[in-house]
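Me: I would like to learn how to read a model of this kind feature by feature, with the general idea set out before the particular case. Could we work through it together?

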Amino acid sequence: IEALELHTPTGRVPITSSFGVCTWNGNAMSSEEVEQVAKRMMEAADAGLYDAKENGRNQVKVRPFHEDA
């Protein structure tokens, strides 16, 4: 993505990409647990995104989800 060139009337715009991903291979859960687990997974993915940005961008950081966390 960084190699792509985006040209505008005011010049070239640099593009970088950073992603945070959360994985989970857990068990089925009750509907009561879904909201809490989804929130914690989003927080883990967000932490991965910030790791990717802090480590130079243009990368994917994977954070596993732990049910006991």
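Me: Where does Ser 17 lie, and is Ser 17 buried or exposed?
Reply: Since this is a predicted model, what follows is a reading of computed coordinates. Ser 17 lies in the loop that runs between β2 (11-13) and β3 (18-23). A residue counts as buried when its relative accessible area is under 20%, and Ser 17, with a relative accessible area of 15%, is therefore buried.

Me: With which residues is Ser 17 in contact, leaving aside its neighbours within four places in sequence?
Reply: Once those neighbours are set aside, Ser 17 is in contact with Ile 1, Arg 57, Asn 58 and Gln 59. Arg 57 is found in the loop between α1 and β4, and Arg 57 has a positive phi of about 65° although it is not a glycine. Asn 58 also has its place in the loop between α1 and β4, with a positive phi near 55° in a residue other than glycine. As for accessibility, Arg 57 is partly exposed at 40%, and Asn 58 counts as partly exposed at 31%. Just after α1, Gly 56 takes a positive phi of about 110°.

Me: Which residues of α1 are buried, and against what do they pack?
Reply: The buried residues of α1 are Val 37, Arg 40, Ala 44, Ala 45, Gly 48 and Ala 52, and the elements against which the buried residues of α1 pack are β3 and β4. In soluble globular proteins, nonpolar side chains tend to be buried together. In this model the largest nonpolar core has 5 residues, namely Cys 22, Val 37, Ala 44, Ala 45 and Phe 65. The largest share of this core, 3 residues, comes from α1. Leaving aside neighbours within four places in sequence, Ala 44 is in contact with Cys 22 and Arg 63.

Me: How many salt bridges are there, and how should I read them?
Reply: Side chains of opposite charge can pair when their charged atoms come close. With a cut-off of 4 Å between the side-chain nitrogen and the carboxyl oxygen, the count comes to 2 salt bridges. The side chains of Lys 39 and Glu 43 meet in a salt bridge at 3.7 Å, N to O. Because they are 4 residues apart in helix α1 (residues 31-54), Lys 39 and Glu 43 are separated by about one helical turn. Lys 39 counts as exposed at 55% relative accessibility, whereas Glu 43 is partly exposed at 46%.

Me: Which residue forms a salt bridge with Asp 51?
Reply: Arg 63 forms a salt bridge with Asp 51, and the closest N and O atoms are 2.5 Å apart. Arg 63 lies in strand β4 (residues 59-64) and Asp 51 in helix α1, so the pair ties together parts that are 12 residues apart in sequence. Arg 63 is partly exposed at 29% relative accessibility, and Asp 51 is partly exposed with a relative accessible area of 23%.

Me: Which residues form a nonpolar patch on the surface?
Reply: The patch consists of Ile 1, Leu 4, Phe 19, Val 21, Val 60 and Val 62, which together have about 550 Å² of accessible area. The elements that give two or more residues to this nonpolar patch are β3 and β4. Phe 19 lies in strand β3 and counts as partly exposed at 42% relative accessibility. Leaving aside neighbours within four places in sequence, Phe 19 is in contact with Gly 48, Leu 49, Ala 52, Gln 59, Val 60 and Lys 61, and of these Val 60 is found in strand β4.

How values were computed: Residues are numbered from 1 along each chain as its sequence is written. This is a predicted model: local features need pLDDT of at least 70, side-chain atom pairs count only at pLDDT 80 or more; totals for chains, interfaces and linings use all residues. Side-chain values use heavy atoms; hydrogens and water are left out. Buried means under 20% relative accessible area, exposed over 50%, partly exposed in between (1.4 Å probe, protein chains only). Contact means heavy atoms within 4.5 Å. A nonpolar core is a set of buried Ala, Val, Leu, Ile, Met, Phe, Trp, Tyr and Cys residues joined through side-chain atoms within 4.5 Å. Patches are made of residues with over 30% relative accessible area and no salt bridge: like charges are joined within 9 Å, nonpolar side chains (Val, Leu, Ile, Met, Phe, Trp, Tyr) within 5 Å. Accessible areas come from the Shrake-Rupley method with a 1.4 Å probe; for residues, only the protein chains shown count as cover.
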